[in-house]
Amino acid sequence: MAKIAVLAGDGIGPEIIAEGLKVLKAVAPQHGQDLEFTEALVGGAAYDATGHPLPPETLELVQNSDAIFFGAVGGPKYDVIPDPNMRPERGALLPLRKKLGLYANLRPCILYSALSSACPLRADLVEGGFDILVVRELTGGLYFGQPKSWEGDNAIDTCLYSREEITRILHVAFKAAQKRPNKRVVSVDKANVLETSRLWRDTATKVAAEYPDVELSHQLVDATAMDLVRRPQSFDVIVTENLFGDILSDEAAQLTGSLGMLPSASLGQGTFGLYEPSHGSAPDIAGTGKANPLATILSAALLLRYSLGAEAAALQIEKAVEIVLNAGHRTGDIAETPDTKIVTCTEMGDLVVAAL
Ligand code: NAD
Ligand code: IPM
Ligand code: MN
């Protein structure tokens, strides 16, 4: 039996997790997967109930689980907590990633053909769709480097990377590229300015020598941001540091129609992983039924694929999502025209279950 820790969190977190669980519970038995789900508090919800965004009982639960199914944390109410390390993002999500060694964040940005007109780009730039895998380094760089402080009129964040941290994420990217038809990796940095990026570029070149079947190119992050909207189809795997990956993946997500379409898997050395949509708690639409649950449902597919080795079950979910989109069902964020018939978050989850 596989133990899944369910951390719904804040804002739309509980709404989208409910739909993800619905799909997981429908699919797993068909593939002989016996899953045990245990819910726990995280983020603002945990702070309100216990005074800490990552209570010890939640940490203990995840440490005794095979995977985490995570919603989203944060919101305006918690942005004003005086101690930044008690806020949901820095007090719960980042420590979870770091403590659990989840350094590799995979974000598959796929433009489904049914959603081509939800993409903000001109039709000729995306005809036939695109399939970009963003491999984001998740436990280093500016997010975690010390010192980190704000005193008076001066604030410091430290960007720190070791060759070891860069090497291991590059291996993840090259191995992923080897399994893809185009076998291309673009390593994204700011090597014209940053020392960490010079080390990154040097490391990428060295690691590439172990993958002669994969083509490596280097690109500066500003030019990558431009090329994503100029020629998205030219990308295959993008590998980059923590902050650049955060920004570029939101940009790429919008090209697939909405941030509400982008799933993610955060992995370390073994099969343990944290699976969450790439978006946040969307406080502007929480409680309205407008949230798109597909990024979460697609994250459930990644959980089956990477933590449980249940590839057929993952494919079944991905196929069901495609069927629902092909039938024209849309939440508001991916609706192409004002007269598109819009479904709620719950209805979308039900439609995916029905299409399995
Ligand atoms: P956000 O991703 O929550 O929302 C950005 C925009 O996208 C909003 O207009 C929102 O309505 C829309 N959106 C996001 N997900 C959607 C979905 N599934 N369906 C339909 N529309 C969706 O980003 P934000 O507003 O900048 O941040 C809100 C809070 O979430 C902040 O506290 C932030 O720190 C937090 N956050 C958490 C995570 C996480 O838990 N992994 C990720 C990103 C942001
Ligand atoms: C994401 C989020 C987080 C990040 C925040 C909430 C800390 O934006 O998962 O992309 O920056 O990693
Ligand atoms: Mn982000």
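Colleague: In which sense do β5 and β10 pair, parallel or antiparallel?

Modeller: Happy to start there, and please keep in mind that this is a predicted model. Between β5 and β10 there are 4 bridges, and Val135 stands opposite Val239 in β10. The sense of the β5 and β10 pairing is parallel.

Colleague: And which strand is joined to β5 in the antiparallel sense?

Modeller: Look for the strand covering residues 104–110. There, Arg107 stands opposite Val134 in β5. The two strands run antiparallel with 7 bridges between them, and the partner of β5 is β4.

Colleague: Is strand β5 largely enclosed or open, and how many of its residues are buried?

Modeller: A residue counts as buried if 20 or more other C-beta atoms lie within 10 Å of its own. Strand β5 spans residues 131–137 and is largely enclosed by the rest of the structure, because the number of its 7 residues that are buried is 6.

Colleague: Which strands pair with β8?

Modeller: One partner covers residues 215–220 and runs parallel to β8 over 6 bridges, with Ser187 opposite His218. The other covers residues 237–240 and is also parallel, with 4 bridges; here Val185 faces Val237. The partners are β9 and β10.

Colleague: What is the handedness of the unit that β8 and β9 make with helix α8?

Modeller: Helix α8 takes in residues 195–208, and with β8 and β9 it makes a β-α-β unit. Of the strands in this unit, β8 has 5 of its 6 residues buried, so β8 is largely enclosed by the rest of the structure. The handedness of the β-α-β unit is right-handed.

Colleague: UniProt lists binding site positions; how far apart are the farthest two C-alpha atoms among them?

Modeller: The unreviewed UniProt entry places "binding site" at Arg97, Arg107, Arg136 and Asp222. These positions span 126 residues in sequence, so they do not all gather at one spot: the farthest two C-alpha atoms are apart by 26.6 Å.

Colleague: Is Arg97 buried or exposed, and is Asp222 buried or exposed?

Modeller: Arg97 sits in helix α5 and touches residues including Leu102, Leu138 and Ser266. Asp222 belongs to helix α9. Arg97 has 20 other C-beta atoms within 10 Å, so Arg97 is buried; Asp222 has 12 such neighbours, so Asp222 is exposed.

Colleague: Which element gives the largest share of the shell around ligand 2?

Modeller: The residues surrounding ligand 2 are Gly74, Glu89, Leu93, Leu94, Asp246, Ser278 and Gly280. By class, they divide into 2 nonpolar, 3 polar and 2 charged. The largest share, 3 residues, comes from α5.

Colleague: How many charged residues are in the shell around ligand 1?

Modeller: There are 20 residues around ligand 1, and those that come nearest are Gly74, Gly260, His279, Gly280 and Asn292. The shell has 9 nonpolar and 7 polar residues, and the charged ones number 4.

Colleague: Which residues other than glycine have a positive phi?

Modeller: One lies in the loop between α7 and β8, with phi of about 50°; Lys183 is partly exposed, because 16 other C-beta atoms lie within 10 Å. Another is in the loop between β12 and α11, with phi near 40°; Ala282 is buried, because 23 other C-beta atoms lie within 10 Å. The residues are Lys183 and Ala282.

Note on methods:
Residues numbered from 1 in each chain as written. Chains lettered and ligands numbered in written order. Predicted model: local features only at pLDDT ≥ 70, side-chain atom pairs only at ≥ 80, totals over all residues. UniProt positions renumbered as here; feature names shortened; annotations may be inferred. Contact = placed C-beta atoms within 7 Å. Near = placed C-beta within 6 Å. Nonpolar A, V, L, I, M, F, W, Y, C, P; charged D, E, K, R; others polar. Pairing = 2+ DSSP bridges. Right-handed = clockwise from strand over helix to strand, strands pointing away. Lists of a residue's contacts leave out its neighbours within four places in sequence.
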